[in-house]
Amino acid sequence: MNAICLFLSPTDDIEDATVNKIALWLCTFTLSVSVSAVLLLPISILSNEVLLMFPHSYYMQWLNGSLIHGLWNLVFLFSNLSLVFLMPFAYFFTESEGFAGSRKGVMARVYEAVVLLLLLALLVLGIVWVASAFLHDNAARKSLYDLWDCYLPYLYSGISLFGVLLLLLCTPFGLSRMFSVTGSLLVKPRLLEDVEDTLSCTTFEEDSLYRKLSCKCPLHTPSKASPWQRNLGYPLVMLVLLSLTVMCVLMVCFNVLELLLDETAMPRGMEDPHLGMASFSMFGSLGAAVQVVLILYLMLSSVVGFYSSSLFCGLLPRAKDTNLTQIIANCVSLLILSSALPVFSRTLGITRFDLLGDFGRYNWLGNFYTVFLYNMLFAFLTSASLIKTSKSTLSLDSCSISVPLQGPISRWAGHTGN
């Protein structure tokens, strides 16, 4: 919660401060569910390898399939709770002022937020009921008694489908952006040129610009970087990023071949995941470790791509300058992305562990053409983004140090010229 407070705009009103505190508690809970959804799949893969290494250890018997299945059911429940109730309530609570004629205060806001939440729940329930009747034409679906067993999982499956489609768009773009984002944090090498001589010519200009721009964020100085950081760190990090990206593309291409040849490659939810029976990778523990790294790398890339896209870049939180509505929108977006990560990883064949929960019983995961097209689109978009950015990011041009100064120079020159 303290980390979220770093981005929230300060307020002097006591009532608004109380409302913000309650809403921040709900946002903190939602982010905790998001982190759990991200980490549960890697932890499950690692737990399986630990059980294979120590099959008869008494201290490892608590790691089993029923535990993972129960944890995923809790994540599934809390994700439903956060998306359907907590986050809409937090938004209505922060925007409400109480009904006309009622006494002002926090409880008046609570009453208005609850009424609006009930109306929204009825609206969404009606939409889901109509969609279920059209898509399935099942008499049992026309009854409201199966709300918990049918409508909420069906609604969450639709939200997860939206998250999987969002990951399809954001992840390839994020994989390409990872090179530029990581490169901006490192000192790029300059070959066939005297770096110290060039830096001595720009030192005075740098110092003058930093004072006049009043930049609050710390800027790294290339002169403080050691020769090892300049000439080895940047190429090594870029090589690691390139290797991970190429590995993702190769695994997706291999999964496409498996879809064409083997029916078991289709993602299907398992009722009770059996841990400790066999490794989830054909390369054993090393392959499982690579799967964990790739899953976390894809999640990080999807977040980078999400905040780098033109549609969602406005949601990027800023320290002490982010309103509560924007924080709620960020929490909802991260929860949608993280809860779709297990489905995303299994659909692309990054792992064979079917941590799908109730998603596995819906038709869109069992449709061969949908899964096949999804894999082909991801491989094509990632390859296109990689080819487009690899030449510019991996080339060691001689202007790599002076380029970051061009933006501040041009903006300051235009400001002083006016």
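I take buried to mean under 20% relative accessible area. A friendly reminder to myself before going on: this is a predicted model.

**Entry 1: T382**

I looked up T382 with that cut-off in hand. Its relative accessible area is 1%, so T382 counts as buried. I found T382 in helix α12, which runs over residues 368–394. Next I asked which residues T382 touches, leaving out those up to four places away in sequence. They are P172, L175, T245 and V249.

**Entry 2: α2 and α9**

I then turned to helix α2 (residues 14–53) and helix α9 (residues 324–339), whose axes come within 8 Å and cross at roughly 20°. Angles under 35 degrees count as roughly parallel, so α2 is roughly parallel to α9. I noted the crossing of α2 and α9 as left-handed.

Which residues meet here? On the α2 side I listed N20, A23, L24, C27, T30, L31, V33, S34, A37 and V38. On the α9 side I listed L324, I327, I328, C331, L334, L335, S338 and S339. I sorted the residues of this contact into 13 nonpolar, 5 polar and no charged.

**Entry 3: the UniProt record**

The unreviewed UniProt entry marks "transmembrane region" over residues 22–47, 67–93, 114–134, 154–175, 232–257, 277–307, 327–344 and 364–387. Residues 67–93 are 100% helix and 0% strand, with end C-alpha atoms 36 Å apart. For residues 327–344 I have 94% helix and 0% strand, and the end C-alpha atoms lie 25 Å apart.

How values were computed
Residues are numbered from 1 along each chain as its sequence is written. This is a predicted model: local features need pLDDT of at least 70, side-chain atom pairs count only at pLDDT 80 or more; totals for chains, interfaces and linings use all residues. Side-chain values use heavy atoms; hydrogens and water are left out. Axes are lines fitted to C-alpha atoms, for helices over the stretch in contact, and angles run from 0 to 180 degrees between N-to-C directions. Helices (H or I, at least four residues) and strands (E, at least two) are DSSP runs, numbered from the N terminus. Angles under 35 degrees count as roughly parallel, over 145 as roughly antiparallel, 65 to 115 as roughly perpendicular and the rest as oblique. A crossing is left-handed if the near helix is turned anticlockwise from the far one by less than a right angle, and right-handed if clockwise. Contact means heavy atoms within 4.5 Å. Ala, Val, Leu, Ile, Met, Phe, Trp, Tyr, Cys and Pro count as nonpolar, Asp, Glu, Lys and Arg as charged, and the others, Gly among them, as polar. UniProt positions are given in the numbering used here, feature names are shortened, and annotations may be inferred rather than shown by experiment. Buried means under 20% relative accessible area, exposed over 50%, partly exposed in between (1.4 Å probe, protein chains only).
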